[in-house]
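Here's a quick briefing to read with the model open on your screen.

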Amino acid sequence: MVRLPRELEEDILSRLPAQSLVRFRSVCKRWNALFDEKSFNKDQFARARPQFICMTNSNIYSIDIIGLDGVDPTINLLDMPSKPYYRKLDFNCISITTCDGFLFCNSFPNAFVFFWPGMTKGTAFWNPWLKQVKWIGFEDKDFDACGLGYDNTRDEKVYKILGSFMCRREVAIYDCTSQAFKFIDTPNEDWSITDVQRSSVSLNGNLYWISPIPDKFDFCEFLIRSFDFSRDIFKPFCLLPCRKMDFCDLLVLQVFNENRLSLLKQCYKTRKVEIWVTKKKIDSSNYNSGEEVVWISLLTFPSSNLPNLCNKPYDISYFIYDKTTLTMCCGDDEGGTPCIYIVRGDFFKKIQINSGVFQCCHCTYAPNFIPVPLGSDCKPNNFITFS
């Protein structure tokens, strides 16, 4: 038997999808150990294709888009190997976001949700492909989690959760390693924790979200606010490239090319879709320097094919492929049936997701093979592995 050089073997393995690597752990001890190495995890995660996450009343699915370079893209609907225990999910009370390929799920009041029977709210931090879940239990059940990030000035990532104790009107950070809360001061200007919950994205450890500018007529001017987990402070980040707009226009913030931000806007009146991206990558050098953020108008799509996205009850998610193609997951105009829309130039394709009735959460996601981070004093009942 001819053995491949170790470097070539690792390079090939790092290009495989996470679901294949899960099975390959049992091939040999060397591969099993390799998949736990940080350098391998970093290479594999960097090559992962963005996917969408959808939930039904019984399953969680990952939707992989295949053949975006070709003339006939298709989708691959994957049943996630890690299914949280849940019963009668109230999808209006569930939010799912991502950070470094981990899924961060928060249930709001009145959601009859997973992991602990009888619990009505809480937060789960899990890697679905490795079937690893860390349940964040709060002594004060009024804590509402908003988003996940980390201190980007440290070599080792210590993940933290931003949220608030609404009954006491206090904002706090939960440290996933020490499992302790830290209360912080809120900015003087008006801001809403609901804005963070609905639209936050995690980029290089910090949270970003769209928020209306206070004291503006009809709240028709918006900016991007941020939370810096390295200094535990809120700060305005930048104005939107589209300054004034109709109150009913749709705005969706996403991460672009792993280190930049993108903004999708659909005009309520014309249904035209515009995509902007930040010109430079967002990192600590320009984040803390006060450097002006420059936006580039990347793509514009007419209203003829895309659905009306404004004022819809379901979530909308998208990513930009190769700076030319908009790939979007949302409900259609006919009955809200979840679909994948692929648009570039004169090309348009709509793919209906035929797997039960979807009601809720969509987010862009890149599978990660890094185990869920655990604190050194994490109790066994806070960490659950589903078979």
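Which residues does Ile275 touch, not counting residues up to four places away in sequence? In this predicted model, Ile275 is in contact with Leu263, Leu264, Ile296, Ser297, Leu298, Leu299, Phe301, Tyr318, Ile320 and Leu326.

**The chain overall**
- The protein chain has six helices and 25 strands.
- Its length is 387 residues, and 53% of them count as buried.
- Take the contacts between residues at least 6 apart in sequence: 51% of these join residues at least 24 apart.

**Nonpolar cores**
- The largest nonpolar core has 21 residues, and Ile275 is one of the members that touch the most others, along with Leu264, Phe301, Leu306, Tyr318, Leu326 and Met328.
- At least two residues of this core come from each of β16 (250-256), β18 (273-278), β19 (295-301), β20 (317-321), β21 (325-331) and β22 (338-344).
- There's also a second, separate core, with 19 residues, including Tyr208, Ile210, Cys242 and Trp276.
- As a general point, nonpolar side chains in soluble globular proteins tend to be buried together.

**A four-stranded sheet**
- β20, β21, β22 and β23 make an open sheet, in the order β20-β21-β22-β23, with antiparallel pairing.

- Five bridges hold the antiparallel pairing of β20 and β21.
- Across that pairing, Ile320 sits opposite Leu326, and Phe319 sits opposite Thr327.
- The hairpin of β20 and β21 has three residues between the strands, and Asp322 has a positive phi near 55° there.
- On to β22: it runs antiparallel to β21, with six bridges joining the two.
- One of the pairs to look for here is Met328 with its bridge partner Tyr341 in β22.
- The hairpin of β21 and β22 has six residues between the strands, and Gly336 in the turn shows a positive phi of about 75°.

**How enclosed is β21?**
- Seven of the seven residues of β21 are buried, so this strand is largely enclosed by the rest of the structure.
- Thr325, Thr327, Cys329 and Gly331 point one way from the strand, while Leu326, Met328 and Cys330 point the other way.

**Cysteines**
- How many disulfides are there? The count comes to zero.
- Cys99 is in no disulfide, and the nearest cysteine sulfur, on Cys176, is 9.7 Å away.
- Cys99 is buried, at a relative accessible area of 2%.
- Cys267 is buried too, with a relative accessible area of 18%, and the cut-off for buried is under 20%.

- Ser211 is part of strand β13 (residues 206-212).
- Is Ser211 buried or exposed? Ser211 is buried, with a relative accessible area of 2%.
- The side chain of Ser211 makes a polar contact of 3.3 Å with the side chain of Arg225.

Note on methods: Residues numbered from 1 in each chain as written. Predicted model: local features only at pLDDT ≥ 70, side-chain atom pairs only at ≥ 80, totals over all residues. Heavy atoms only, no water. Core = buried A, V, L, I, M, F, W, Y, C linked by side-chain atoms within 4.5 Å. Buried < 20%, exposed > 50% of the residue type's maximum accessible area, 1.4 Å probe, protein only. Contact = heavy atoms within 4.5 Å. Pairing = 2+ DSSP bridges. Disulfide = S-S within 2.5 Å. Polar contact = N/O pair within 3.5 Å; in protein donor to acceptor, adjacent residues only side chain to side chain.
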